[in-house]
Amino acid sequence: MPLYTLLRPLIFALDAESAHRLTINLLKLRSGTGFTPEPRWTPSLRTRVAGLDFPNPVGLAAGFDKNGEVVEPMLGLGFGFVEVGTLTPRPQRGNDRPRLFRLTEDRAVINRMGFNNRGQQAALKRLKRGTRRAVQLTNPGILGVNIGANKDSSDRIGDYVEGVRAMSGVADYLTVNISSPNTPGLRALQDQGALDALLDAIKGTRVANGPPVFLKVAPDLQKSDPERIVRAALDHRIDAIIISNTTISRPALKSARAREQGGLSGEPLRALALDALRQFRSASGGGIPLIGCGGIATADDAWERIRAGASLIQLYSAMVYEGPGIARSIIQGLADKLKKAGLGSIAEAVGTG
Ligand SMILES: Cc1cc2nc3c(=O)[nH]c(=O)nc-3n(C[C@H](O)[C@H](O)[C@H](O)COP(=O)(O)O)c2cc1C
């Protein structure tokens with residue numbers, strides 16, 4: 001029986017946020033010098049996206065490791081890439097607790113964390129002195145850094161510019177997160193004028209040889225959004241679009257916690273995020289790499305997302321229910337699917353569905 005199956009009743013006996021903290025602390029125990037990453041990836045899953053070489057296309061989505069504390073252990077568990085953050089320029093407490101809820105009957109999560117994090121400077125120090133180099137020898141994963149704006153900032157665009165400046169030196173890629181529902185007004189940065197101003201400012205801040213920049217969008221879209229956002233991304237040399245963050249909508253849910261305010265993720269987000277991805281694929285025609293995220297829990301889900309146009313996929317909520325072994329099982333499943341389809345690489349499967 002997998003270790004997580006044994007631990008899960010204990011972890012679920014705690015409130016969701018305490019369980020998350022405990023999990024991070026347990027994972028940190030694995031990040032010392034004694035930690036040996038498991039040999040894990042299959043050569044056929046290696047894939048090049050936005051100029052970066054990913055050992056496999058399965059990533060850990062932002063929000064699990066907000067402060068960049070467990071990058072190496074998560075890569076060691078099989079993830080091809082780990083996105084830390086969201087990190088804001090200044091440390092921030094986030095919203096009052098409780099602010100994280102398991103919806104067990106729905107295999108879903110609602111969160112209204114509100115960008116609680118220790119700030120970019122603290123993360124920068126940790127990521128610089130981390131054991132990443134030692135691990136990299138056998139475990140060449142990719143590190144993404146997701147940046148956002150402080151809630152009380154009077155210049156939100158300035159916060160993103162600061163994030164690009166501060167974090168470019170340690171990140172393999174940066175993600176501009178304008179899709180969290182838990183910082184009032186943040187999602188308005190997806191609107192036409194604001195998005196152009198933001199992406200202009202970011203473009204002006206990037207330096208030659210700096211990391212690629214991804215844009216993370218919400219799944220709650222107006223009909224014209226995909227085309228408009230793809231155009232803005234291409235105009236401003238954004239390197240990939242992550243679809244999607246959590247939803248503020250509430251598909252039919254069974255759990256008592258269904259009415260909690262915040263962003264919904266996990267299984268009930270799957271169809272919505274897949275549909276949003278398809279809309280972006282049809283708007284972009286393959287002109288910009290897309291990263292599928294939202295409700296992915298199995299190799300079937302990951303494969304469906306890749307065939308719908310995703311070059312990479314990310315997950316978070318399914319790990320709450322399945323445990324961190326989920327990365328490995330999706331990777332193995334994907335390798336089998338490639339073989340059955342007679343394809344030599346993930347890139348050949350992208351957008352074929
Ligand atoms: C507790 C929690 C915290 C999150 N925090 C962030 C965050 O700080 N920044 C971000 O871009 N996305 C954040 N997300 C969204 C995830 O990265 C992901 O986009 C979303 O949960 C959908 O994927 P999933 O269904 O696999 O969880 C968070 C999600 C959860 C559940």
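Predicted model: local features only at pLDDT ≥ 70, side-chain atom pairs only at ≥ 80, totals over all residues.
Residues are numbered from 1 along each chain as its sequence is written, and side-chain values use heavy atoms, with hydrogens and water left out.

Back to Asp301, which sits in helix H10, residues 299–307. Helices here are DSSP runs of H or I with at least four residues, strands are runs of E with at least two, and both are numbered from the N terminus. Leaving aside residues up to four places away in sequence, Asp301 touches Arg270, Gly295 and Ile296; contact means heavy atoms within 4.5 Å.

Now the rings. A pair of aromatic rings is described by the distance of the centres and the angle of the planes. The rule takes rings of Phe, Tyr and Trp (its six-membered ring) with centres within 6.5 Å; planes under 30 degrees apart are stacked, over 60 edge-to-face, and the rest tilted. How many aromatic pairs does that rule give? The count is five. One of them is Phe12 with Tyr321, edge-to-face, 5.8 Å centre to centre and 80 degrees between the planes. That pair links distant parts of the chain, with Phe12 in helix H1 (residues 3–13) and Tyr321 in helix H11 (residues 317–322), 309 residues apart. Tyr321 counts as buried at 4% relative accessibility.

Then there's Phe81 with Tyr173: the ring centres are 6.3 Å apart and the planes at 65 degrees, so this pair is edge-to-face. Phe81 is in strand S4 (residues 81–87) and Tyr173 in strand S8 (residues 173–177), so the pair ties together parts 92 residues apart in sequence.

On to the backbone. Most residues other than glycine have a negative phi, and most peptide bonds are trans. Where are the cis bonds to look at? One runs from Gly85 to Thr86, with omega near 10 degrees, and Thr86 is in strand S4. Another joins Arg97 and Pro98, omega about -5 degrees; Pro98 lies in the loop between S4 and strand S5 (100–103).

As for phi, Phe115 is not a glycine, yet has a positive value of about 55 degrees. Phe115 is in the loop between strand S6 (108–111) and helix H4 (120–129), and counts as buried at 3% relative accessibility. Arg237 also has a positive phi of about 55 degrees, but Arg237 is exposed, with a relative accessible area of 58%.

Last, a sheet: three strands make an open one, ordered S5-S6-S11, with antiparallel pairing. Pairing needs at least two DSSP bridges between two strands. The edge strands are S5 and S11 (263–266). S5 and S6 pair over four bridges, and Leu103 stands opposite Ala108 in S6.

Terms used. Buried < 20%, exposed > 50% of the residue type's maximum accessible area, 1.4 Å probe, protein only.
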